[in-house]
Structures are given as C-alpha cells and as structure tokens.
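Here is my note on the model you sent. Please read the points with the structure open.

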Amino acid sequence: MGPLPLASAPVATSAVCGSGSDAVCAAVYRLTGSEVLARSSESLVAKPAKIVLILVLALLTVRLVRRMIRRFTRSVGTTAAGAAGTLLHTTAVRTPRAAQRAETIAALGSSVVTVTVWAVAVLMVLGELGLELGPLLAGAGIVGVAVGFGAQNLVRDFLSGIFMLIEDQYGVGDVIDAGPATGTVEGISLRTTRLRDIHGNVWHIPNGVIERVSNKSQEWSRALLDVPVAYDADTDHAAAVIKRAADEAWHDEAWTEQILAEPEVWGVEAFGDDAVMIRLVVKTRPNAQWKVARHLRRRIKLAFDGEGIEIPFPQRTVWHKTAGPGSQVDEHDVVGQAH
C-alpha cells in the first residue's frame, strides 16, 4: 500500500515552510507544489500585500479625518458667525472673518493629520521591508534638532500663528494695532499677517514679532468724543444738548443699525487750555466707530449753533508796549484771537 497523500502533506509543508508553517507559504505550496514559490511567497505576496494595505489604510484615514475636520470647522465658523449676528442684531450669516479662520484652522489640522498618518505609515512600511527603525529614528531626531535651531524664527512665527488662530485674537476685516503698523487685516497665514494702513500701504508682519495686539473692531466698537465747550458755558446744558443730538442719531433709521446701544454722556472729562471737555461714548458695530463719530460731530455742531453754545478756539493775550516821547512806557492790553 502506497503512502497516503493527506498524511504526507503536513510533513512536506512543515519541511518547506518551517516549523511555524506560515499560512501564505503553506497555501502557495499546496496550490503550486513548488518549493521555490512557497519559500519566496513571503517576499513576493505577503509583504507587498501588507505594504499595499498599510498605504490604502493611511490614504483612507487621511481623507476621512480631513473631511471630518472641514465639516467641524465649517460648523464652528457658522455658529460663531451666528452668535456675532445675534450680538450685532443682524442675520446669522457666515462672515468672511469666521470663514477665513475656519479654513485656516482646517488647513492646519489637515496638515498635522496628513504628516502624522503618513509618517507612521512610512515607518510601518520600512519595518515590513526589514529596515532597522532605531538608527533611522535617532538620525531623524538629530536632523530635527538641527533644523529647529536653524529655523527658530520660522518656528516661532508658526507657533504664534497657531495660538493667534486658536485664541481668535483677530481676523480678516478687523482693524488692529500690531505694533509695527496699524490697519485693516486683509489676510492671515500661520507665518504672517497682512495689514493695509490708512495710507493704503500693505504691511506683511511675521506673527512671531507681534508682541501685543490691540483689536479695535472685535465684536463691537466704541465711538469716543471729547466735545469742547467754553469755560463760561453751562456744562449741564451743554451735556443735555450733546445727549439730545446723540439720541437723535441713535433713533435715525439711517444710523440705527450702526449704533448698538443708547449713547452715554459721561460728563466733564478734562479742563483744557481753552475749553472744558465733555465726553460722549457710543457703542457701535465693528469698524463703524469712526463713521459714527464723524456724523455725531456734525449733529453736535448744528445743535450747538441752534442753542448758542460756543465751541471755543485757542485765544491768546498780547501785550503791546509803546513809549511816549520822554515819558514812561504806556501799556495797552490787546486780546488777539488765533484761528
């Protein structure tokens, strides 16, 4: 009686594929009966299949996470715009500021996820190829330290940009004082902030050199006017006239969307050389404080003219001395007005 094939197959597979009897090797040997193909199946089939699987999973993970980040940042940006619209008594729309911030944060998150996932995938592929990862990681760490020392300013700019976006210090359309320049924000990246000043000049400021920022238009603004009146004027009457003029502007349909709250007269603010200053403050929409202030000055001037309240101008006293023939100096005081 000859040997049974089923009884001899496990022995032959173990002899070809080793004591571990690799599943791929055993399957190839059973299908082909070739020892060469069976022994090379690990490098020809298993490793390439694992590498392809790793790359496919990395690609799917990156796409899925990036899509989730985009959806999340867009929803957050829309929610923030809606909250701003409620505060400013406007419709809940997605403002350019919120949209730009959401897109920048989404780009940052996507970049971090992409680099992290593909770095892990590459390391796993190199491990499948039989490379020693220890020396490779050590070399990469040394290179990273060297690059970090050589690009400290660049790293500082990026870190400052990341924290600026996370904390929402300012956005596109805001008017800010960034130290080197003051102007309207036209663009933001992780490395630089682009401003346009009142003269039309464009400033590109690295985020790392901005030590402090004064945002003049975040959420709401304030028009502040110090209105001068003559020293001999009734300050209570002048304050009442200023309040009436400001309230008329507040109730004006053309300005009700620009002025967010009832104007307030805080009273006498300072004693100047030629006038008493009465302070008026008005809460406005972002970036509307200058336009509202110009309109209020016009209304206050007309109201003062109607009430006969003088807006003083600088005055000086000039002493003119003349000497009569053979006599002492006569003194005459002449009041001169300087416009």
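1. Overall figures. The accessible surface of the protein is about 21200 Å², and 61% of that belongs to carbon and sulfur atoms. Accessible areas come from the Shrake-Rupley method with a 1.4 Å probe; for residues, only the protein chains shown count as cover. Of the 339 residues, 30% are buried (under 20% relative accessible area; exposed is over 50%, partly exposed in between; 1.4 Å probe, protein chains only).

2. Basis. This is a predicted model, in which local features need pLDDT of at least 70 and side-chain atom pairs count only at pLDDT 80 or more, while totals for chains, interfaces and linings use all residues. Residues are numbered from 1 along each chain as its sequence is written, and side-chain values use heavy atoms, with hydrogens and water left out.

3. Elements. The protein has eight helices and 10 strands. These are DSSP runs numbered from the N terminus: helices are H or I with at least four residues, strands E with at least two.

4. Main core. The largest nonpolar core holds 25 residues. Such a core is a set of buried Ala, Val, Leu, Ile, Met, Phe, Trp, Tyr and Cys residues joined through side-chain atoms within 4.5 Å. Leu225, Leu280, Val292, Leu296, Ile300 and Phe304 touch the most other members. Strand S6 (221-229), helix H7 (235-251), strand S8 (276-284) and helix H8 (289-307) each give two or more residues. H7 gives the most, seven. Another core, of 13 residues, lies apart from it; Ala181, Ile188, Leu190 and Leu195 are among its members.

5. Gln258. Where is Gln258 found? It sits in the loop between H7 and strand S7 (264-271). Gln258 counts as buried because its relative accessibility is 18%. Leaving out residues up to four places away in sequence, Gln258 touches Lys283, Thr284, Arg285, Ala288, Lys291 and Val292. Contact here means heavy atoms within 4.5 Å.

6. Sheet. Five strands form an open sheet in the order S4-S3-S2-S1-S5, with antiparallel pairing. Strand S4 (202-206) and strand S5 (214-215) are at the edges with a single partner strand each, so one side of each has no neighbour in the sheet. Strands pair if DSSP finds at least two bridges between them. S2 (residues 182-188) and S3 (residues 192-196) pair over four bridges. Ile188 stands opposite Thr193 in S3.
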